[in-house]
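Please open the structure in your viewer, with the sequence panel beside it, and keep a selection tool to hand. The stops below say what to select next and what is to be found there.

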Amino acid sequence: RTTMKSLRFISAEAFVSNAEFARKSLGAVAHDLFPLLFKASYLLEQGEVIHDLVENWPLFDFNMGKLLGATLDYQEDLSHRTCSVCLESCLTGLRDYVLNQSSPYTKKLKVVDLTGIKDVEVQFCKCKKTMGRWARTQLLSKLCSELLVYLQQAQCNPGTFEISIDVLIDLFVTERNYELVVQALLKKCSCPLKICCVAFRSDNLTLQKFFYIIKLTDPSLLRKLEIVHNVHLEMEHLEILFNSIRFPLLMSLTLPARTFNVRRFTATDEQMLSNIGEKMGEMTQLTELSMSFSILTGRIQKLLSPLKTPLKMLDVSNCSLNHADMAYLANSFHANHLETLDLSGHDIPELYPSTFFKLLSHCSSVLRSLTLEDCNIQDTHVNMLILGLSPCQKLQEFKFIGNPLSSPALKHLFTFLCELPMLKNVEFPVPRDCYPIGITYPIDDASLCRFDHQKYERVAEELNLILLQANREDVKASTPLFGSYDAAVQETNNELGAYLIKSFKETLEKFTTSFNKMS
């Protein structure tokens, strides 16, 4: 599919394709052409031209999402291209904007917004080298620190110290880039480039470091907070966090696995949970909540009823919800607003079929993404599932990996899925008949790949043919055995892997020491 380009855009491409000529001629270019030239340079990966455009940026703001998004001159959205060449050129250009004293343009730039960049699995840039969120955090922090050092050492124009640019960014901090980011945030006041954290993700960080850096980010501006994987935050720590810091603009909250475990609750814990619910109720902008792999049996109402704003996104996968929890969700004011819902890891047909379908009917007019992985959905439940999904005409994504469904049942389901007009992405399980007879669900990791791959390929082809015959080539159907693509995890998997090995080694050493003492 080719996207139409205006004559202006084609001319811009021609201009920037000769980097040497373009860089020499920038001084004669009208201000309002800079955005057009930027997008053309980004499409052609002309790093040197991108650098010079940013270094001499003549406008008040520089918004990556808008600059790379669909425009009248070129409809294609390039904001999902996290091309390393282009992004590095952008950020170094920004540093040199501050330092460049000979630019013919008056320095008007006040706001740089980097939050519109989207990290996706498939990259279309020629260099095939991406710069993810973690690397962008790293590079911006490094450039801010270097800028300060240079300004302190060099004889700079006094006007340079008056430059103040807010750089809006989604920070991603782990143990490996923690010190660098802390230094940049500590020196924010004296640096012309001021890091403004709009979203914050932390992984592989001690609690002490997490609490320290979250205060440095200016939590009053934070819209999204993700505390994931190797941050050992438990309920008492969450209460301390909410009691000591206010998050007035927070719209999205992700908590790590095992934050809550009601199985070992005391009366004090019950009070603590109520306090956390009340604190979340004070976050009047909160509409997205993810609490997967916590044990929340019978406590969903206590946690969610204080919320003043209806949730649009809720992830309670593998949270051991009971009938009371599902009944609360189905009847709550959240139900009519849920656009994204993840109930994976619950035996829906066995535990609460009618309550689940009630919840589904309430959110059907707005639901865009539904995830029901490892929910024990079998062939006998498919007709009921089709009935429940029929009103969900806005559904764009349906994920149901890990369910014991046969090839005929999947074909029947796919024939129906073709009728959902907005559907774009389906993640379906390996058919049960591709596994050895007697396989038990949920399938353990060791047995996950032990299926008839040739038979699976044949079935997958037949399912894609159903889509093709219904003119639904726009629907992507896949079976990601080990979960959907996560750009953040992909980018830092080496560090996380090393951390897990280290943790395993320490546990083994403790066990050996204890065993030796017993002997």
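This is a predicted model: local features need pLDDT of at least 70, side-chain atom pairs count only at pLDDT 80 or more; totals for chains, interfaces and linings use all residues.

Residues are numbered from 1 along each chain as its sequence is written, and side-chain values use heavy atoms, with hydrogens and water left out.

**Stop 1: Met-4**

Select Met-4, which is found in the segment before H1; helices (H or I, at least four residues) and strands (E, at least two) are DSSP runs, numbered from the N terminus. Met-4 has a relative accessibility of 70% and therefore counts as exposed, where exposed means over 50% relative accessible area, buried under 20%, and partly exposed in between, with a 1.4 Å probe and protein chains only. Leaving aside neighbours within four places in sequence, Met-4 is in contact with Asp-73, Tyr-74 and Gln-75, contact being heavy atoms within 4.5 Å. If you then draw a distance from the C-alpha atom of Met-4 to that of His-381, 377 residues along the chain, the separation is 46 Å.

**Stop 2**

Move to Glu-13, which lies in helix H1 and is buried, with a relative accessible area of 13%. Once neighbours within four places in sequence are set aside, the contacts of Glu-13 are Lys-5, Ala-40, Leu-43 and Leu-44. Next select Ser-25, in helix H2 (residues 19-25), which is also buried, at a relative accessible area of 17%. The C-alpha atoms of Ser-25 and Phe-15, ten residues apart along the chain, are separated by 9.4 Å.

**Stop 2: helix H3**

Select residues 34-43, which make up helix H3; nine of the ten residues are buried, so this helix is largely enclosed by the rest of the structure. The buried residues are Phe-34, Leu-36, Leu-37, Phe-38, Lys-39, Ala-40, Ser-41, Tyr-42 and Leu-43. To see what covers them, show helix H1 (7-17), helix H4 (47-55), strand E1 (61-63), helix H5 (64-68) and helix H6 (84-99), which are included in that cover. Just after H3, look at the backbone of Glu-45, which takes a positive phi of about 55°.

**Stop 3: strand E4 and its partners**

Which strands pair with E4, and in what sense? Strand E3 (residues 165-173) and E4 pair in the parallel sense over nine bridges, and four bridges join E4 to strand E5 (residues 224-227), again running parallel; two strands are said to pair if DSSP finds at least two bridges between them. Ten of the ten residues of E4 are buried, so the strand is largely enclosed by the rest of the structure.

**Stop 5**

Select Asn-204, in the loop between strand E4 (193-202) and helix H9 (207-216). Its phi is near 50°, a positive value in a residue other than glycine, and at 7% relative accessibility Asn-204 counts as buried. Ser-320, in the loop between strand E8 (313-315) and helix H13 (323-331), has a phi near 55°, also positive in a residue other than glycine, but Ser-320 is partly exposed, with a relative accessible area of 26%. In the loop between strand E12 (425-427) and helix H18 (453-469), find Pro-442; the peptide bond from Tyr-441 to Pro-442 is cis, with omega near -5°.

**Stop 4: helices H16 and H17**

Finally, select helix H16 (residues 382-389) and helix H17 (residues 407-417), which pack at an angle of about 15° with their axes 10 Å apart; the axes are lines fitted to C-alpha atoms over the stretch in contact, and angles run from 0 to 180 degrees between N-to-C directions. The two helices are therefore roughly parallel to each other, a description given to angles under 35 degrees. The contact is made by Val-382, Asn-383, Leu-385, Ile-386 and Leu-389 of H16 and by Ala-409, His-412, Leu-413 and Phe-416 of H17.

Note on methods: Angles under 35 degrees count as roughly parallel, over 145 as roughly antiparallel, 65 to 115 as roughly perpendicular and the rest as oblique.
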